[in-house]
Amino acid sequence: WVQACEKLGIRDKLASIQNSYSLLDRRFDGDLNEVCDEYNIGLLPWSVLAGGLLSGKYRPAHNTATESCRFNKHPEYMSRWSPASATTQT
């Protein structure tokens with residue numbers, strides 16, 4: 001986006017991006033972090049509790065999740081927070 005704005009002569013620069021960012025999702029910490037720092041672009045993180053997983057809500061000993069919660073209703077959505085999807089940056 002930065003290069004496209006520069007090429008098209010758009011003066012209003014990109015001010016921020018909104019990416020998933022949590023203890024389990026650290027994809028921002030790589031090249032994207034460096035680019036944002038270089039161009040003074042802020043990060044507005046979303047899903048900082050990894051879909052509720054980091055809240056402790058889904059821990060077996062403290063499981064307060066109901067059948068209608070997204071963890072139970074959409075296992076394919078929550079699979080992205082599994083240890084298999086973790087990277088070396090995590």
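This is a predicted model: local features need pLDDT of at least 70, side-chain atom pairs count only at pLDDT 80 or more; totals for chains, interfaces and linings use all residues.
Residues are numbered from 1 along each chain as its sequence is written, and side-chain values use heavy atoms, with hydrogens and water left out.

The chain contains four helices and two strands, these being DSSP runs numbered from the N terminus (helices, H or I, of at least four residues; strands, E, of at least two). Read from the N terminus, the order of the elements is α-β-α-β-α-α. Of the 90 residues in the chain, 22% are buried, where buried stands for under 20% relative accessible area, exposed for over 50% and partly exposed for values in between (1.4 Å probe, protein chains only). When contacts (heavy atoms within 4.5 Å) between residues at least 6 apart in sequence are considered, 62% of them join residues at least 24 apart.

The accessible surface of the chain amounts to about 6,800 Å², and carbon and sulfur atoms account for 54% of that area; accessible areas were computed by the Shrake-Rupley method with a 1.4 Å probe, and for residues only the protein chains shown count as cover. A nonpolar surface patch is formed by Leu 23, Leu 24, Val 48, Leu 49 and Leu 54, which together expose about 420 Å² of accessible area. Patches are built from residues with over 30% relative accessible area and no salt bridge, like charges being joined within 9 Å and nonpolar side chains (Val, Leu, Ile, Met, Phe, Trp, Tyr) within 5 Å.

Two salt bridges are present in the structure, the criterion being a side-chain nitrogen of Lys or Arg within 4 Å of a carboxyl oxygen of Asp or Glu. One of them joins the side chains of Asp 25 and Arg 27, with an N to O distance of 2.6 Å; Asp 25 is buried at a relative accessible area of 5%, whereas Arg 27 is exposed at 58%. In the salt bridge between Asp 29 and Arg 26, the closest N and O atoms are 2.8 Å apart, and Asp 29 is partly exposed, with a relative accessible area of 28%.

One aromatic pair was found in a search of the whole structure. The ring centres of Tyr 21 and Phe 28 are 5.8 Å apart and the ring planes stand at 80 degrees, so the pair is edge-to-face. The criterion for such a pair is that rings of Phe, Tyr and Trp (its six-membered ring) have centres within 6.5 Å, with planes under 30 degrees apart counted as stacked, over 60 as edge-to-face and the rest as tilted. Tyr 21 and Phe 28 are both buried.

With regard to the backbone, most residues other than glycine have a negative phi. Asn 40, although not a glycine, has a positive phi of about 55 degrees; Asn 40 is placed in the loop between H2 and E2 and is exposed, with a relative accessible area of 60%. Ser 47 likewise has a positive phi, near 60 degrees, but Ser 47 belongs to the loop between E2 and H3 and is buried at 17% relative accessibility.
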